Amino acid sequence: MEGRCPGAPPANRSCSRATSTPCWRSASTETTTPWEGLILKRSGGHHLQGLNCAGRHQVCYRWSKRWLVVKDSFLLYLKPESGAISFVLLFDTGFSIQVGKKPTETKYGVRVENTCRSLILKCSSYRQARWWCQEITELAEGKGQDFLRLHRHESFVPPRKETPARWFVNGAGYFAAVADALLQAKEEIYITDWWLSPEIYLKRPAHTDHWRLDLILKHKAEEGVRVSVLLFKEVELALGINSGYSKRALMLLHPNIKVMRHPDHVSSIIFLWAHHEKLVVVDQSVAFLGGLDLAYGRWDTHEYRLTDLDGDDYIGPKGGAAPPGGDEAPDDLATNQRLWLGKDYSNLIAKDWVQLDKPFEDFIDRLQTPRMPWRDVGVAVHGAAARDVARHFIQRWNFTKTMKPKYKGTDYPYLLPKSPHVASLCPRFVVPGAQTASVQVLRSVDRWSAGLHEGSIYNAYRSVIEESQHYLYIENQFFITCASADGRSVLNTVGDALVDRVLLAHREKKLFRVYVLLPLLPGFEGDIAQGGGNSIQAILHFTYQTLCRGERSIVSRLKAAMGEDWKNYISFCGLRTHGELRGKLLTELVYIHSKMLIADDRRVIIGSANINDRSLLGKRDSELAVLVEDTEFVTSLMGGEAYRAGRFALSLRLDCFRCVLGATASLGADLQDPISDHFFHETWKARALSNACIYEQVFRCLPSDAVKSHRALREYVSVENLASVSPIVARNHLQKVEGHLVQFPLEFLAEESLLPPLSSKEGMIPVEVWT
C-alpha cells in the first residue's frame, strides 16, 4: 500500500502511466515515493485577482475528479482520463493544511494552502481525509521543510553549502559556458530574459551556425529536450525589444520549444514594471544568472573593442560592408572574422535598436560609428542552488500559465521541481573553473510577477554593507539610492548604509574603502553634446542626487561629518576606452551593465538587480541574484597584514582590478591589498584621474567636470579637439593611458536642473519609472 491512499485505484492510473505520451517528467528517481490517489477537487480558491467566481455560495463551485500526487516539495493533480496535469501547488511559506467541515465547507474535506491558492479536496471518509492530511504534512515538513519558512535575508531558500560556483566577467566567457551547458542538456532547458535575441552567436567569431542560440535550442528540442522560455512582454510604444518576434522565431523551430510572455499590461494593470531577471537552467543541475541577457550588444571581452572592420586591428571580411541580407544569415561564414554581426554591432546611446526582425542587417554605420563596449558580470551555480534557481523559474512559469487564459491548455505544460536533497550527487556537467562556496539564491518578486512578495536582494545588500570590515567594491548600471527626505522619490537605503559604514570607520579611525563603478552616461539614445535628451538627464539627476548633489547625497553627508577627508574612503569611477576607425582617433565609454558587490574578498552578490528602487523594493521589477560566501581561503593581504581571502571573491576582484587598471607589470603585488593607502591613492585614484585628464585633453569628451552648465557645454563642444587637430600628438598622449578606469565627473552640469520639463513626455512619466 506504500505510495497510495487507502482504497486508491490501481497504480496504473497514476499520471506517469495514464497516457502513452507522458505529459510531465517525473522526478521519482530523485524524490521519495509519491503518495497518490483519486480525490474530488473544488474549483476556485485562488488568491489572485480575477481567477475566482465572484460569489461565495456553494453554487459558484464545481467538483471534479482528479488524481492527486504528493511529492516532497509540491503536490499536483491531473485529469485521470488523459493524464494532463491541471495544477501544481508548490509548498511555500504560506503552506498550511486543515481537515474538517468548518475550514473546508464540506464533509470529509481537506484544505491545502500556499501563498497563491487554497485547494479544497473532498475525500470518501474522515479516515481518508486524515490520511491525506498526515501524508502531505509529513512530506512537506520533512523533505520540503526548506520552503516552508523564510531564511536569512528573508529569502525563500537557505544558503546551500559546498556549491560549485563560477564567475564570469564580460559576455564572451559567459556565453561560451552557456553554450557548452546547453549542449549537455538531456531533459529540460529553462530561459528567462528581459530581452532575448534568438540569432545571437554564443561563440565567436562564427565560422558556422553551430553556436547560434536558436539553432542550439532547435537541435536539443529535436533530441527530446523540453525548452521553456519566459520573456518580458514590453509596452511596445515605450520599448523596442520586440519580444513578439523573439517568441515567434523560437516557437516556429520545434514543438518542444514553448515560449510565454508576461505581463498582459491591460488586464494586469502593469505598465511601469518589468521582468528583469536573466537566467538559463539546464536539467535543474546547473544555472546561469547575472546581468547578461542572451541578446544583442552583450557579448564582449576584456579588450572592449570599438570597431569590427577590415583595415583596423581586427581583420574582418574584405570591404567592411554589412553582411548581406536582413533576416537571412550570411551565406558563407567560413572566412568570417567579425565578432558582431548585424544588429549585434551596436551603440545604444548613438542609436537604439530598430527592425529586430532583420537580425543580420546593420542598423548603425560601422564605417562611421564605433560600437559601445559592454561590461557585465554573470555566475554559474550547481547542485541545490541550481535547483533553487529552477524552482524560481518554475514558480514564475506556472504562475504565468495560471494567470493568462491563452496558456491554460496542454500546449503549455506545468513544470515540476526536482528534489533539492539529491543535488549533492555528482552533477552530469560542471562548468570548468568552478570553486566551492556557500550560495544563497535571492529574489525581488511581487504578487504581479510571481504571485507573492520577496525582497531578499535588498536585504542582502544592506546586510553585506553593514557587516563589511575592510572594503566594498560595487559595479552597477544604476546607482539611485539614499532615501529622500520627502520619503517618496527614492525609498531604498543602500546608500544610507554606505554612509553609515564609512562614518563608523571614520569614528573608529580604521581603514575602509568603497569603490563604486558606474557608466559615465545612462544607456538611452541621445546626443550628449546637445545635453543628452530628457531620458539621459532624468537618470543623471537622480544619480547625482545620490552621489553629490543635495544634503541627502553621499558626499554631502560625509563632508558634513569629516570635510574633505571623505576622499580617503570612497571613490566614484567609470570606464572609457579609445581606438581608431579608418585612421581616425575616437573614444567611447565602456557601458557598465554589471550588478555586483564584493565585500572583504569573502562575500559576493551577483545578479540582475540594479541599485535603485525598481530592482530592490520587490514590488516593482522582478530580479534574481545569488550571495556567494567563500568557504575556501588563500593567504593574501589586507591593510598591510596577512589575510585569509576567499578563493571566489579574491579571484573575481583581482580580475576586475586587472581589467580596469590595465594588467601592467607595475601593479605587481599592489593589487593584493585593496585598502592600503598606496593602492587606493597612488594606483586607483591616481590612474583614474590621469586617464580622465588624457581623454579630456585629446578628445574633449563628455561628460566632463569642465562643463557645469548648458552654456559651458555649447562652448566646450565648439572647440576642435586635439585628436582632430594633431593626431600624432594625440596618439603620443594616448600611449600614457593605462587600463580603462576614469574619474567619474561629479561636477557635470552641476548648475543645471536635469529633471525633464513637465511639458515633455518624460516629465509626465511617474518619477518611479526613473528611480
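A nonpolar core is a set of buried Ala, Val, Leu, Ile, Met, Phe, Trp, Tyr and Cys residues joined through side-chain atoms within 4.5 Å. Buried means under 20% relative accessible area, exposed means over 50%, and partly exposed lies in between (1.4 Å probe, protein chains only). The model is predicted: local features need pLDDT of at least 70, side-chain atom pairs count only at pLDDT 80 or more, and totals for chains, interfaces and linings use all residues. Residues are numbered from 1 along each chain as its sequence is written, and side-chain values use heavy atoms, with hydrogens and water left out.

The largest nonpolar core has 124 residues. Leu182, Leu217, Phe288, Phe479, Leu558 and Phe572 have the most contacts inside it. Helix H3 (residues 171-183) gives the most to this core, 8 residues; helices are DSSP runs of H or I, at least four residues, numbered from the N terminus.

Leu217 is in contact (heavy atoms within 4.5 Å) with Leu182, Ile189, Ile191, Val227, Leu250 and Ile257, leaving aside neighbours within four places in sequence.

Aromatic rings also pair. Rings of Phe, Tyr and Trp (its six-membered ring) pair if their centres lie within 6.5 Å. The structure holds 30 such pairs. Ring pairs link Tyr473, Tyr515, Phe657, Phe679, Phe680 and Trp684 into a cluster.

Two arginines lie over ring faces (CZ within 6 Å of the ring centre and within 35 degrees of the ring normal). Arg117 is 4.5 Å from the ring centre of Phe87. For Arg443 and Phe156 the distance is 3.8 Å.

Technical notes
Helices (H or I, at least four residues) and strands (E, at least two) are DSSP runs, numbered from the N terminus. Rings of Phe, Tyr and Trp (its six-membered ring) pair if their centres lie within 6.5 Å; planes under 30 degrees apart count as stacked, over 60 as edge-to-face and the rest as tilted.
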